[in-house]
Amino acid sequence: MGLYVETRVRADLETLWAYTQEPALHQRWDLRFTEIADLPRAEGEPRRFRYATRVLPFLAVAGTGVSAGERHRAGGDRVSALRFSSPHPLSLLAEGSGYWRYVPTADGVRFLTGYDYRPRWGRFGRAADRLAFRPLMGWATAWSFDRLRLWCERGITPARSRNRWLLELAGRLLLAVVPFVLTRLPLGPVSLAAVALTVPGLAAAVLLPPSSRVPAARRCPRTPPATAREPRLLATLEQP
């Protein structure tokens, strides 16, 4: 799989399963989606769903997917797999597939994902994906996983996590920008003090660790272990 993210959640398996498998709960913590809704299906068919991501106030890019899960496995772990596609001409992501794996541990659940996709728009799309979109997707997945962890472990709702993250981001920007701006103003001693604070301010903005109550992508490993592999369940799903 092209992208891999994992986290460890100190919560029971049933709670984590519900927060990730119920569309109304999933769309609250996953930054990659604005809306997720189940579609009608016949009995015995895999689960089908529609997803949408609002990229502008007046523009949402939508697609469909098919998924299946295994809740009762011999080792006690669980897995779900999906395939997805978007016919929207403005969606760089054309089609893809992935999985979630839930591995119980002594103090919670090791929750991990692996997924990949095919970009559209030819050579330009492949370049845009490699340079910008794929790194952004990796960061958004990791940030969302840590947001989910805070919800499960501490009861911090996704909306509150987002607001705290925005406040912390604003504080880091102030640390970096205010001393620099003051150096450009004819304020005498104030400007000289600002010069002395510019480098420390930039260092603090970049190096200070995030608050333990704010989601951070850096907390989630993104290098797959050598034993990582797609679940066999994925091969049973057809592209939607």
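Strands here are DSSP runs of E of at least two residues, and helices are runs of H or I of at least four, both numbered from the N terminus. The model is a predicted one, in which local features need pLDDT of at least 70 and side-chain atom pairs count only at pLDDT 80 or more, whereas totals for chains, interfaces and linings use all residues. Residues are numbered from 1 along each chain as its sequence is written, and side-chain values use heavy atoms, with hydrogens and water left out.

Strand 3 and strand 4 run antiparallel and are joined by nine bridges; two strands are taken to pair if DSSP finds at least two bridges between them. A hairpin of two residues connects strand 3 to strand 4. Arg47 also belongs to strand 3. The C-alpha atoms of Arg47 and Gly65 are separated by 8.4 Å, although the two residues are 18 residues apart along the chain. When residues up to four places away in sequence are not counted, Arg47 touches Gln21, Glu22, Pro23, Asp38, Arg41, Gly65, Val66 and Ser67, contact meaning heavy atoms within 4.5 Å.

Strands of a sheet pair through backbone hydrogen bonds, either parallel or antiparallel. In this model, seven strands form an open sheet with antiparallel pairing, in the order 1-7-6-5-4-3-2. Strand 1 (3-9) and strand 2 (35-38) stand at the edges with a single partner strand each, so one side of each is left without a neighbour in the sheet. From one strand to the next, the twist averages 20°; axes are lines fitted to C-alpha atoms, for helices over the stretch in contact, and angles run from 0 to 180 degrees between N-to-C directions.

Strand 2 pairs with strand 3 in the antiparallel sense over four bridges, and the partner of Asp38 in strand 3 is Phe49. Strand 5 (residues 78-85) and strand 6 (residues 93-105) run antiparallel and are joined by eight bridges. Val79 stands opposite Arg101 of strand 6, and Ala81 has Tyr99 of strand 6 as its bridge partner. Strand 6 is in turn joined by 12 bridges to strand 7, again in the antiparallel sense. Trp100 is partnered by Thr113 in strand 7, and a hairpin of two residues joins strand 6 to strand 7.

Helix 1 (residues 13-21) lies across strand 1, strand 3 (47-56), strand 4 (59-70), strand 5, strand 6 and strand 7 (108-119), and runs at about 170° to strand 6.

The structure holds 18 salt bridges, each defined as a side-chain nitrogen of Lys or Arg within 4 Å of a carboxyl oxygen of Asp or Glu. One of them is formed by Arg10 and Asp107, whose closest N and O atoms are 3.6 Å apart. This pair links distant parts of the chain, 97 residues apart: Arg10 is in the loop between strand 1 and helix 1, and Asp107 is in the loop between strand 6 and strand 7.

The largest pocket has a volume of about 1000 Å³. On a 1 Å grid over the protein atoms alone, a pocket is an open set of points, reached by a 1.4 Å probe, with protein on both sides within 12 Å along at least five of seven lines, and lining residues have an atom within 4 Å of a point. Grid points are joined across faces, edges and corners, and the volume is the space filled by probe spheres set on the points. Of the 38 lining residues, Arg32, Phe33, Tyr51, Thr53 and Met137 are the closest to the centre of the largest pocket. The lining has 24 nonpolar, 10 polar and four charged residues, where Ala, Val, Leu, Ile, Met, Phe, Trp, Tyr, Cys and Pro count as nonpolar, Asp, Glu, Lys and Arg as charged, and the others, Gly among them, as polar.
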